[in-house]
Amino acid sequence: MQANPQSQRVWLCDSSLRDGSQGKQIAFSVADKIDIIRALDEQGIPFIEAGNPSAGPKDVQLFERMRSIPLQNSRLVAFGATRRKNCRPQDDVGLQALLAAGTEYVTVFGKSWDMQVDQVLRTTLEENLAMISDTVAYLVAQGRQVLYDAEHFFDGYRHNPTYAMQTVRAARQAGATCVILCDTNGAALPAEVGAVTAQVVRQLGGDVGIHCHDDIGCAVAASLAAVEAGARHVQGTFVGYGERCGNANLSTILPVLQLKMGYSCVAPQQLPLLTGTARHIADISNVILRSSLPFVGSGAFSHKAGMHVDAVHKNSQTFEHIDPGQVGNERHILISEVGGKAALLHSVKKIQPDIKKDDPVIEQIRETIKKKEMEGYQYESAEASLKLLILGHLKRLKPHFKLDMYRIMGEQNSNIFSLSTAIVKVTVGDGWEMTADEGKGPVNALDKATRKAVTKFYPAIQKVRLIDYKVRVVDQNTASAARVRVLIETSDGEETWTTVGTSRDIIKASLRAIVDSLEYKLSRDDGSL
């Protein structure tokens, strides 16, 4: 049964800046965190767990700077632990840091698993209950709204349900606004999460929340099961990253709750921002957004097989569970050997909507694609290059620059590191620019030098950066003389696109993909695409 979205609100709390920052190779500056906070605020996420002010000066500085930055939709939340054992709350350094952060809402975590109390805290079960109760009561007395994270709750409940319930009851009785049940090890099955959450909702009363990690790939499903069981607060990270295997992915949970289950999470006009928000946060985080990610991935609404493409054209519901525009994404028809004419026509119509299916240019484009595929090109994963190819056949491609010359030099120091230098010359109309740059390898140097030269004429290129680089051998039988296919993924912070280049020379293949990536950006900016 679907809930009534007018009466059933599920409150989302994003922990990208705290839990998410514990993910592998994730490192945020204060400016990065502020940028993400603004994106989440625009998206309409009610709570943003911004960091632990007792963990270091970076988070202290963040909370200080945020005092002068107004938020329209979100509340900033500071994170910390319960008081230390055998310590009064007013003497606890961590709690004083929480208060100094100046946020109305604070999240504190405490132990729910008796094993953790005994072996990690090394204290008694009674003292742990006092730590929870004292902390929550003290923060409430100081005017704070407390979100209590019951750490390892499902492990604790599995081993000692009576004590686990005592811990969350202590938080509730001390005045916690919401008690959040945490699957900290990320190993609870959705059915277990749902059943236990239902028990807690019945016994505890008040607002109950859920916080899942993804160690067995069930974080989203478990979070949804908790909501079905009565939880009305869901914590996660917007693109699912976090320590180990990550956290529950809010960019999946949000549209499922709102579009599939009928709950209200954000305003209707904010839901189409979803894909842009996910890609923006991934870009700031220097994380590659999986194309297969539900709702927001570039492949979430992609179709390749000819029969599927034909069916989607007749009725999109045949192979799409929602209109991609509802979440700010778009349909992609992939051009390949199984795509057929319908797929190609769809791609051309995206650029020239009034073209007819029997227009001779369609067959010309098709023949060019076949020829290119024989050379090793593949367009199903490089839609930006395909669009440029189509634009050229439609006589609408106006090259913005020409790469006249490039030279690469390399040096190596005692086998410790290698450094490459690239020199490039580009012309734009009657003007030209020659510039150089260094990089970690020839492709990196060439990419940086080319973008630097083109930026002299088109400042918007300054925002463009290469975020992924893949090389595939096309004809393996020719060994080191093999033709290679290079795919590069590029972003300007708002959109991500992929281009392709092929050659027996990996540098030339890379350069062709780089030039296409810049031409795509400039063609999109001038309205050609």
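These legends go with a set of close-up views of a predicted model.

**View 1**
The protein has a mean pLDDT of 90, and 93% of its residues come in at 70 or more. Residues 1-6 are another story, with pLDDT below 50. In the model this stretch still has eleven contacts beyond near neighbours in sequence.

**View 1. A closed barrel of eight strands.**
Follow the strands around and you go β1-β2-β3-β4-β5-β6-β7-β8, with parallel pairing in a closed barrel. On average, neighbouring strands of this sheet are turned by 25° against each other, direction ignored. Zoom in on β1 (residues 11-14) and β2 (residues 47-51): these two run parallel and are joined by two bridges.

Helix α5 (residues 125-141) lies across β3, β4 (105-111) and β5 (145-151). Against β4, helix α5 runs at about 175°.

**View 2. E64 in helix α2, and H332 some way off.**
E64 has its place in helix α2, which covers residues 57-66. Its relative accessible area is 47%, so E64 is partly exposed. Now find H332, 268 residues from E64 along the chain. In the model, the C-alpha atoms of E64 and H332 are 44 Å apart.

**View 3. Two nonpolar cores.**
The largest nonpolar core is made of 85 residues. Which residues have the most contacts inside it? They are L12, L139, Y148, F153 and L257.

**View 4. R18 and D19, a salt bridge between buried residues.**
The model has 26 salt bridges in total, and here's one of them. R18 pairs with D19, with the closest N and O atoms 3.1 Å apart. Are these two buried or exposed? R18 counts as buried because its relative accessibility is 12%. D19 is buried too, at 2%.

**View 5. E367 and K370, a salt bridge along a helix.**
In this salt bridge, the closest N and O atoms of E367 and K370 are 3.9 Å apart. Both sit in helix α14 (residues 360-374), three residues apart, so about one helical turn separates them. E367 is partly exposed, with a relative accessible area of 40%. K370 is also partly exposed, at 41%.

R524 and D525 meet through their side chains in a salt bridge, 3.9 Å from N to O. R524 counts as buried at 18% relative accessibility, while D525 counts as partly exposed at 41%.

**View 6. R451 and the residues it touches.**
R451 lies in helix α16, which covers residues 442-455. With 16% relative accessibility, R451 counts as buried. Which residues does R451 touch, leaving out those up to four places away in sequence? The contacts are with I461, V464, R465 and L518.

Technical notes
Residues are numbered from 1 along each chain as its sequence is written. This is a predicted model: local features need pLDDT of at least 70, side-chain atom pairs count only at pLDDT 80 or more; totals for chains, interfaces and linings use all residues. Side-chain values use heavy atoms; hydrogens and water are left out. pLDDT is the predictor's confidence in each residue, from 0 to 100. Contact means heavy atoms within 4.5 Å. A salt bridge is a side-chain nitrogen of Lys or Arg within 4 Å of a carboxyl oxygen of Asp or Glu. Buried means under 20% relative accessible area, exposed over 50%, partly exposed in between (1.4 Å probe, protein chains only). Helices (H or I, at least four residues) and strands (E, at least two) are DSSP runs, numbered from the N terminus. A nonpolar core is a set of buried Ala, Val, Leu, Ile, Met, Phe, Trp, Tyr and Cys residues joined through side-chain atoms within 4.5 Å. Two strands pair if DSSP finds at least two bridges between them. Axes are lines fitted to C-alpha atoms, for helices over the stretch in contact, and angles run from 0 to 180 degrees between N-to-C directions.
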